Protein chains: 2
Amino acid sequence: MAIAASVTDQLRDDILEGAFPPGERLIELQLAERYGVGRAAIRAALVELDAEGLVRREANRGATVRRISVTEAVEITQARAALEGLIAGLAAERATDGERDELCALLAEMTDAVEHEDKLAYSKLNRALHGTLCRIARHRVADDLVANLRNRAAHHQFRLALVPGRAAESLAQHRAIVEAVTAGDGPAAEAAMRDHLASVIDVLRHWEAFDTRA
Amino acid sequence: MAIAASVTDQLRDDILEGAFPPGERLIELQLAERYGVGRAAIRAALVELDAEGLVRREANRGATVRRISVTEAVEITQARAALEGLIAGLAAERATDGERDELCALLAEMTDAVEHEDKLAYSKLNRALHGTLCRIARHRVADDLVANLRNRAAHHQFRLALVPGRAAESLAQHRAIVEAVTAGDGPAAEAAMRDHLASVIDVLRHWEAFDTRA
DNA sequence: CATTGCCGTGTTGTGAACAATACTGTTAAC
DNA sequence: GTTAACAGTATTGTTCACAACACGGCAATG
């Protein structure tokens, strides 16, 4: 499965990049040709991505890119809040001096991005910051779960970055998180992370009312 | 995959039942014969259970039942604490009167089991109570994640039930959870659930020191 | 005109055969 | 006695072909 694992990764990336939009049918033969492998490898990849929640498979009807409703995105973010709260708390306890510097540097870059109104850069830095916290926490199980949840809701996270004024609010919340982590205050870090994601949920809930698509 | 899904379920159950102990090799041909299906179906099942974390697959070397160290069981339980805290809080907000009665009935059965020192029954009821809370919370995402985490640590949970005096302590904690949920007090329910799982973690940590196997 | 039955096409599900790889025990050399 | 090379076996990885199923259009019927 050396090659097949790589096929799974390629397909996952392609879905996350938007090469296959939500609802799109994923036909084994087409994918096999696209990635230059046999149908068996594609099948394995589809089973795996189905388990990850990125792909939906129906018996005898094939696979499609899973469509995540706003309602489900709220649930995903709630689960993230619980798990990333744990992670933030652990990160506060376990961060080395070098890792603290890393977080501060990321925060500085985020501040720059907000000042220059570079929403794309901010979105990437946002992802990087959360990823760095996961690494610092040294908690494999939570890390894996969170990475998966982030992938599942990736589409909506992207929309979020485009909301006017959102970046400034988000920046302040991230600053609170980084400060608590660098101060080594676990409970404060957990609370700050939960606050941050609660505010994400607020935005999602606002959409939920008059949005049934995507 | 109508049949194949059932094969995955059968294999998962067999692993959880202990029919295949941790570390045991899972040979495709043997499994195919055992369940009366082709190798392809078995392969799909193994890929799926690998994604679930119950099975480990190495390239060209086959699949084995994943061995969960005590250290990893601690991590799993920490993640459960975060997610089941969320679930307990939601359950407190969303439980109907009928569901509250259901919880009280389960608690009564657990009390009986402790009085009769029926550890096996208690262990089953324990599982049932947590499962019922997941259902009451009506939170699909967290529910799925928790169910998976419980499966992964199932072996250790079973050992836990055999610790002398553990059942009485556990019963008191479950009573606190049920009382908070039936009272509709979300934060208290979340705190009670976290307390309960923190005490599970304490026992695991105690083992961690002088236990490297299983 | 609406509805039902039927057939053709596209796609998935499954089984069998073959190739590639890793493990085991044996023999030979140093 | 230890190590290295080697063959034999067991198991996985891959490909192919075919069967099973779902969907679409078309025609026949009421």
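Which residues does Leu83(A) touch, not counting residues up to four places away in sequence? The points below begin with the basis of the model and then take up this question.

1. The model is predicted, and local features need pLDDT of at least 70, side-chain atom pairs count only at pLDDT 80 or more, and totals for chains, interfaces and linings use all residues. Residues are numbered from 1 along each chain as its sequence is written, while chains are lettered from A and ligands numbered from 1 in the order in which they are written.

2. Leu83(A) touches Ala142(A), Leu145(A) and Val146(A) in chain A, and Ala79(B), Ala82(B) and Leu83(B) in chain B. Two residues are in contact if their C-beta atoms, placed from the backbone, lie within 7 Å.

3. Leu83(A) also belongs to the largest nonpolar core, which has 74 residues. Such a core is a set of buried Ala, Val, Leu, Ile, Met, Phe, Trp, Tyr and Cys residues joined through C-beta atoms within 7 Å; a residue is buried if 20 or more other C-beta atoms lie within 10 Å of its own, exposed if 12 or fewer, and partly exposed in between. Leu83(A), Ile87(A), Ala91(A), Leu83(B), Ile87(B) and Ala91(B) touch the most other members. A second, separate core of 32 residues includes Ile15(B), Leu26(B), Leu49(B) and Val55(B).

4. Chain A is superposed on chain B by a rotation of 180° with 0.1 Å of shift along its axis, at an RMSD of 0.2 Å. The two copies are therefore related as by a two-fold rotation axis. The C-alpha of Ala82(A) is the nearest to the axis in chain A, at 2.6 Å. The copies use the same surface, as 100% of the contact residues of chain A recur in chain B. The superposition is by least squares on the C-alpha atoms of residues with pLDDT of at least 70 in both copies.

5. In chain A, strand E2 (residues 55–58) runs antiparallel to E3(A), joined by four bridges, and Glu58(A) has Gly62(A) as its bridge partner. Strands are DSSP runs (E, at least two residues), numbered from the N terminus, and two strands pair if DSSP finds at least two bridges between them. The hairpin of E2(A) and E3(A) has three residues between the strands, and Asn60(A) takes a positive phi near 60°.

6. Strand E1 (residues 25–26) of chain A also pairs with E3(A), antiparallel and over two bridges; here Leu26(A) is the bridge partner of Ala63(A). Ala63(A) and Val65(A) form the covered face of E3(A), whereas Gly62(A) and Thr64(A) form the uncovered one.
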